[in-house]
Every structure is written in C-alpha cells, then in structure tokens.
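Here are my notes on the model, point by point. Please read them with the structure open.

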Amino acid sequence: MTKVASEIIPVIMAGGNGSRLWPLSRTLRPKQFLKLTSDRSMLQETVNRTVNLTNAASLLICNEEHRFIAAEDMRELNKECQMILEPVGKNTAPAIALAAFHICETNPDSVMLVLAADHVIERQKDFEASVQEGYKSAMNDQMVTFGIKALSAETGYGYIKRGKSLEHGFSIEKFEEKPSLLKAQEYIDSGEYFWNSGMFMFKASRYLEELKLFRPDIYESCLNCMKDKRVDNDFIRIQNKHFISCASESIDYAVMEKTTKGVVVPMDAGWNDVGSWSALWDVSKKTEDNNVCKGDVITQDCENSYINSEKKLIAAVGVKDLVIIETKDAVLVANKKNDQDVKKIVQMLKDQGRSEHYLHREVYRPWGKYDSIDHGERDQVKRITVKPGEKLSIQMHHHRSEHWIVVSGTAKVTNGDRTILVTENQSTYIPLGTVHALENPGKIPLEMIEVQTGSYLGEDDIVRYEDRYGRQL
C-alpha cells in the first residue's frame, strides 16, 4: 500500500479508567497499557497499526497520570509522538477538539484518523483498505465513522443504521444506543446496521467547524485551553482551570448524530473493543479444550475458561466458562456470562476506600517501579527498580525513616549533606526528616530493597524539593 505522506495524522485516544478488565487493569494502569494479546501493549499495537498509512507521527491524548507509561511505550517502539495531557477526562468530543486545534496550527486540512488505543484488529490489510476508503470521503469534507460488520446480536455495542449508498460508504441514517437482545437481533436480521466502532476520520478544520456549529460551548472551552497550553518537550499540558468547566460529551452525541456530512464506511477486519474478559477470551489463542491460559496455569477437565496467573500457580479442576485472574494483590473468579458485572466490584472497592481499584502492588514511575512486598502497622518493605541514568526526586519525609539495601547495580545516594555510592550487598540509612535523593549512575538497572519504619507510611508523605519529571513539588 502506498502511504498518503503526512496528510493522515493518527490521533490515538488513550484514556480510560480500567474497570472492565479488573484486576489486571487499574486506574493507574488501564488496559491500553497492558500486553493482553501480544508482547506489545494495546497502545503500541494501535500505533503500529498506522505505519503503512502515513509518515506522520501519532498524536496521543491521555490522562496526565498516564503520561510516563505512554512515553515509555513509545520509547520501546522507538516512535516519536506528541502527547496532549488531559488533567481530567471529558469524553471524546473535547479530546478530539484539543487534537484538532493542535493540528490546525500547522495544517488545517490534515486528515485526522481517530483511533481508540484499546481495540484489537486481527486483519491489518482489511483495516488499511477501509481507512483508504474513509480517507477519500474525508478529503471531500465528509465526517467519517467506521462501521463494523455485525456478526452477532451484541448488547454491549452501539449500532449505526446505514442510509443510501455513496461512492465511498453509506450515508448515516441514525445512531442507536446499546440495545436489548431482542432489538439487537432485529438489527442483525435487517442487514442495515453496523456496530459502532468509535473510530473516525475527517479533516481537523472540518471537525472544528461542525463542533462550533453544534456545540459552541465545547469549541470555546477547548479553544481557550489551547491558547493557554504549556509545551514541555513532547507533552502538551492543558490547564485544569479552563478544562474543568468544559462539558463532558462524546463525539457521537456532540457532532456525529447531528451533522449532515456523516458517512459510515464498512470495516470487516476482525475488530474487537475487548470490553470484557469474555471478549478477550474471544480474540485469544485457545487450547484444545477452548481454554485461554496465561502464566503458570495447570488445568484438569476444564473448558471454555480464561485463566491468567501473574505470580502464583493456578490449578483449576472441573471448571467451565469461568474467568480466573490472579495478580499480586487480588484474585477474580467470575462466570463468563457475568463478566460485565466486574465493574460493580470495582465500584465496591471505591466505596470501601480500598486501593486495589486504583493501583497495582507493583507501581510504575518515570524513573522505574516499586513493588510493595510486605507491610505492617509501622513498617513496609518495597523492592525498588531504578532505570539506568534516572533519579528520584530530592525529597524528605515527616513520618518515616528508610533503610536501603542494594541487591544489584550501584546507587548514588544523597543523604543530608553527604553523597555516597552504595553497591551490591551494601546498605544505608535515611533518618526521618532528612533531605535525600536516589540515583542510578550505572549502565544496568538498580535493584534495591527499601524498609520503611514510622508512624505513617503513605505515599503522600513526600516533600519534594526538586524533580526532573515535573511532578508537583
């Protein structure tokens, strides 16, 4: 396929709160950053999906909290991209508007290919063929959405009813919300409906014109945000004081259901939005007994189940149609037919003030990661990994002291007015109230055990004096 030079700009929406694929997916690490169907994250797969279509770098839209995870994904791919950082999620219409304003600064007639970062596409060539069809309509000032060939009566998807046939696709007669099973079957039987994919294609300038016509309030809010944006290397930071007042609205409601320029282009490319554990089972490689087994799993007389072990051995005997997920801090057991109710468990965790909905035991940071191995009332043990050349903030704690033991690599430690090197099998002690910093000056990852003791061990007991990653001081 011949690339369309730089006229197509992939705009990848990487938001999401991580509730439907809990406990693997969490608020701080939702499914788009997980390696669910291959050795790449879903975000990485989405970026790679566009390489045959354009020479232009992707533009990512993600939450401020996810910026370093997204940046690390792009570093692993060796891909250049800019990221628009939303301080809060406001749904797709404002997110796409921010991207459109940014693109219009250089080329208003660039065509935006808007993709969700957490979808699966099994047949790349069929995907590219549909995008090429969409491109032709977009260049003719049409507002394109991609309709998925509906293979079954699904109640978890929205639907698009096609209108008259056009040179490239169909006019849009109407959008339908997620239907009942009976209504979904009627849609399938009619042959006139597509699943709503949530993927779009249009000129950046055309989208803003339509948004200004139908939702001038969202247009003005996003315009003000981009006037006051702050660019920090590859990060485009949106100020919360403007964005917080913006209406939260989907592009479907705000624009696509109202525009007279709407076109639906069919796509039959093995699409799946992986919106549940059963959907992930559908697109995963299975055993002879139709089980999907990830990690350390042993089965006996089991059928049609999705079993995923992160750390421990899972032994399953005589089970059928189950989802069994083990992480370092949680275990989920669910019937596949009830897997949409996992989000209710997540809400219960929120209501109870528990942390398992928000973060994993292993937490990623821009400098590396830490794993909370054990904790008591006045003590906590973490395994810390610092990437080569990276440095934690210069900080101080009011309520805890810390013991650091180096397992491998070399640590450069600032401890009050002293700076020392600590190597394998050596340790150091950071007293309560002492200004300190940790850095990996070496060429290999630094692995450490940190033992905290004190009256309060929360992550918010950090007073930062200097931070190279722009986190709040």
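1. Start with Glu64. Glu64 is partly exposed, at 24% relative accessible area. Its salt-bridge partner is Arg67, with 3.4 Å between the closest N and O atoms. Arg67 is buried, with a relative accessible area of 7%. Bear in mind that this is a predicted model. Across the structure there are 33 salt bridges.

2. Next, Asp141 and Arg206. These two form a salt bridge, and their closest N and O atoms are 3.9 Å apart. The pair links distant parts of the chain. Asp141 sits in the loop between H4 and S6, while Arg206 belongs to helix H6 (residues 204-214). The two are 65 residues apart. Asp141 is partly exposed at 29% relative accessibility. Arg206 is buried, with a relative accessible area of 13%.

3. Then there is Lys382 with Glu459. Their side chains meet in a salt bridge, 2.3 Å from N to O. Lys382 lies in strand S22 (residues 379-386), and Glu459 lies in the loop between strand S29 (446-454) and strand S30 (463-466), so the bridge ties together parts that are 77 residues apart in sequence. Lys382 is buried, with a relative accessible area of 4%. Glu459 is partly exposed at 34% relative accessibility.

4. Is Ser205 buried or exposed? Ser205 counts as buried because its relative accessibility is 17%, and the cut-off for buried is under 20%. A polar atom of the Ser205 side chain lies 3.1 Å from the backbone oxygen of Pro108. Setting aside neighbours within four places in sequence, Ser205 is in contact with Cys104, Pro108 and Asp109.

5. Helix H4 covers residues 124-138, which makes 15 residues. From first C-alpha to last, H4 reaches 21 Å, close to the 21 Å expected at 1.5 Å a residue. The buried residues of H4 are Phe127, Glu128, Ser130, Val131, Gln132, Gly134, Tyr135, Ser137 and Ala138. What covers them includes strand S1 (8-13), strand S4 (111-116) and strand S5 (120-121). The cover also includes strand S6 (143-149), strand S9 (193-203) and strand S12 (262-267).

6. Check the backbone at three places. The peptide bond from Trp22 to Pro23 is cis, with omega near 10 degrees. Pro23 lies in the loop between S1 and helix H1 (42-48). Asn304 has a positive phi, near 55 degrees, in a residue other than glycine. Asn304 sits in the loop between strand S15 (297-300) and strand S16 (306-309). Asn304 is buried, with a relative accessible area of 17%. Asp321 is a residue other than glycine with a positive phi, near 60 degrees. Asp321 is found in the loop between strand S17 (314-317) and strand S18 (322-326). Asp321 is partly exposed at 28% relative accessibility.

7. Now the aromatic rings. A search of the whole structure finds 12 aromatic pairs. Why does the Tyr187 and Tyr193 pair count as stacked? The ring centres of Tyr187 and Tyr193 are 4.1 Å apart and the planes are at 20 degrees, so the pair is stacked; the stacked class takes planes under 30 degrees apart. Tyr187 is buried, with a relative accessible area of 7%. Tyr193 is buried, with a relative accessible area of 13%.

8. Trp195 and Trp271 make a tilted pair, because their ring centres are 6.4 Å apart and their planes are at 45 degrees. This pair links distant parts of the chain: Trp195 in strand S9 and Trp271 in strand S13 (residues 271-272), 76 residues apart. Both Trp195 and Trp271 are buried. Elsewhere, Phe68, Phe235 and Tyr469 form one aromatic cluster.

9. Last, two charges over rings. Arg162 lies over the face of Phe170, at 4.9 Å from the ring centre. The charged end of Lys336 sits over the ring of Trp281, 3.3 Å from its centre.

Terms used. Residues numbered from 1 in each chain as written. Predicted model: local features only at pLDDT ≥ 70, side-chain atom pairs only at ≥ 80, totals over all residues. Heavy atoms only, no water. Helix = DSSP H or I, 4+ residues; strand = E, 2+ residues; numbered from the N terminus. Expected span 1.5 Å × (residues − 1). Buried < 20%, exposed > 50% of the residue type's maximum accessible area, 1.4 Å probe, protein only. Contact = heavy atoms within 4.5 Å. Salt bridge = Lys/Arg side-chain N within 4 Å of Asp/Glu carboxyl O. Polar contact = N/O pair within 3.5 Å; in protein donor to acceptor, adjacent residues only side chain to side chain. Phe/Tyr/Trp six-rings, centres within 6.5 Å; stacked < 30°, edge-to-face > 60°. Lys NZ or Arg CZ within 6 Å of the ring centre and 35° of its normal.
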